[in-house]
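Open the model in your viewer and keep the selection tool at hand. This tour goes stop by stop.

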Amino acid sequence: MASGQGSNAQAIMDYFSDRPGVSVSLVLSNNKNANVLTIARDYGIKTVSFNRNEFYQSDKILDLLVGEAPDLIVLAGFMWKVPEKFLLAFPRKIINIHPALLPKYGGKGMYGKRVHRAVLANGEKKSGISIHYCNADYDKGKLIDQFKTPVAVEDDVASLSTKIKTLEHRNYAKVIDQLLFSKS
Ligand code: GRF
């Protein structure tokens with residue numbers, strides 16, 4: 001599930017495109033114009049977009065997911081809060097990636113450049129990424145793994161963002177792979 005650019009989703013689709021036994025079966029977005037949907041179609045993966053009402057007030061998307069019976073639901077830049085009914089239907093099956101070392105620099109409103117700006121403003125010597133289970137609070141679910149990168153004095157939001165994206169693209173799919181095979 002993704003809301004925008006989809007570079008993480010792309011790295012995941014790419015990784016699993018030649019991984020026996022695993023397939024990305026569905027890409028969902030709350031934004032029908034999201035780049036991630038175009039990328040997914042290029043990979044021949046089914047896509048579905050939805051609006052707020054369909055996600056929160058109806059069971060349309062929940063039923064769709066239940067029908068897919070996924071081993072894992074991966075949030076990759078998905079900007080909406082996941083409702084409790086999804087968490088209850090898929091315990092320990094919904095994971096998220098956050099572009100900082102949680103528990104620092106997480107929570108409501110902490111996304112994208114805001115995260116990197118805060119890390120730089122606090123003079124942190126390192127930042128990184130956190131992959132965690134989703135729970136009812138933003139960025140508060142149990143940690144699965146973290147990867148770090150140094151923050152240099154000359155780093156700005158753009159360069160830190162590039163370092164973090166690189167870490168994400170290198171590691172998210174691998175962690176998903178490990179999770180899938182540790183479950184079976
Ligand atoms: C990533 O930095 C991820 O950590 C955060 O949202 C961003 C999504 O970027 N949750 P992209 O759409 O995958 O390029």
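A molecule sits in a pocket if more than half of its atoms lie within 2 Å of the pocket's grid points. Keep in mind that this is a predicted model.

**Stop 1: the ligand**

Select the ligand. By that rule, it sits in the largest pocket. Now show its surroundings: Gln-5, Gly-6, Ser-7, Asn-8, Gly-77, Ile-97, His-98, Pro-99, Lys-165 and Glu-168. Colour this shell by class, and you get 2 nonpolar, 6 polar and 2 charged residues.

Which elements each supply at least two residues of the shell? They are α1 (7–17), β4 (94–98) and α7 (157–183).

**Stop 2: polar atoms at the ligand**

Zoom in on the oxygen atoms of the ligand. Pick Ser-7: an N or O atom of its side chain is 2.5 Å from a ligand oxygen. Turn to Gly-6, where a backbone N or O atom lies 2.8 Å from an oxygen of the ligand. Then pick Lys-165, which has a polar side-chain atom 3.2 Å from a ligand oxygen. On its own, the ligand has 370 Å² of accessible area, and the protein covers 84% of that.

**Stop 3: along helix α7**

Stay with α7 and select Ala-173, which belongs to this helix. Is Ala-173 buried or exposed? It is buried, because its relative accessible area is 4% and the cut-off for buried is under 20%. Ala-173 and Val-74 are 99 residues apart along the chain, yet their C-alpha atoms are separated by 9.8 Å.

**Stop 4**

Go to Glu-68 in helix α4 (residues 60–68). Glu-68 is partly exposed, at 24% relative accessible area.

Next, select Ala-69, in the loop between α4 and β3 (73–74). Ala-69 is exposed, with a relative accessible area of 55%. Check its backbone too: phi is positive, about 45°, although Ala-69 is not a glycine. Most residues other than glycine have a negative phi.

**Stop 5: the loop between β4 and α6**

Find Pro-103 in the loop between β4 and α6 (113–121). What kind of peptide bond joins Leu-102 and Pro-103? It is cis, with omega about 15°. Most peptide bonds are trans.

Finish with Tyr-105, which is also placed in the loop between β4 and α6. Tyr-105 is not a glycine, but its phi is positive, near 60°. Its relative accessibility is 13%, so Tyr-105 counts as buried.

Technical notes. Residues numbered from 1 in each chain as written. Predicted model: local features only at pLDDT ≥ 70, side-chain atom pairs only at ≥ 80, totals over all residues. Heavy atoms only, no water. Near = heavy atom within 4 Å. Polar contact = N/O pair within 3.5 Å; in protein donor to acceptor, adjacent residues only side chain to side chain. Areas by Shrake-Rupley, 256 points an atom, 1.4 Å probe, with all protein chains shown as cover. 1 Å grid on protein atoms, 1.4 Å probe; cavity = no way out; pocket = protein on both sides within 12 Å on 5 of 7 lines; lining within 4 Å. Helix = DSSP H or I, 4+ residues; strand = E, 2+ residues; numbered from the N terminus. Nonpolar A, V, L, I, M, F, W, Y, C, P; charged D, E, K, R; others polar. Buried < 20%, exposed > 50% of the residue type's maximum accessible area, 1.4 Å probe, protein only.
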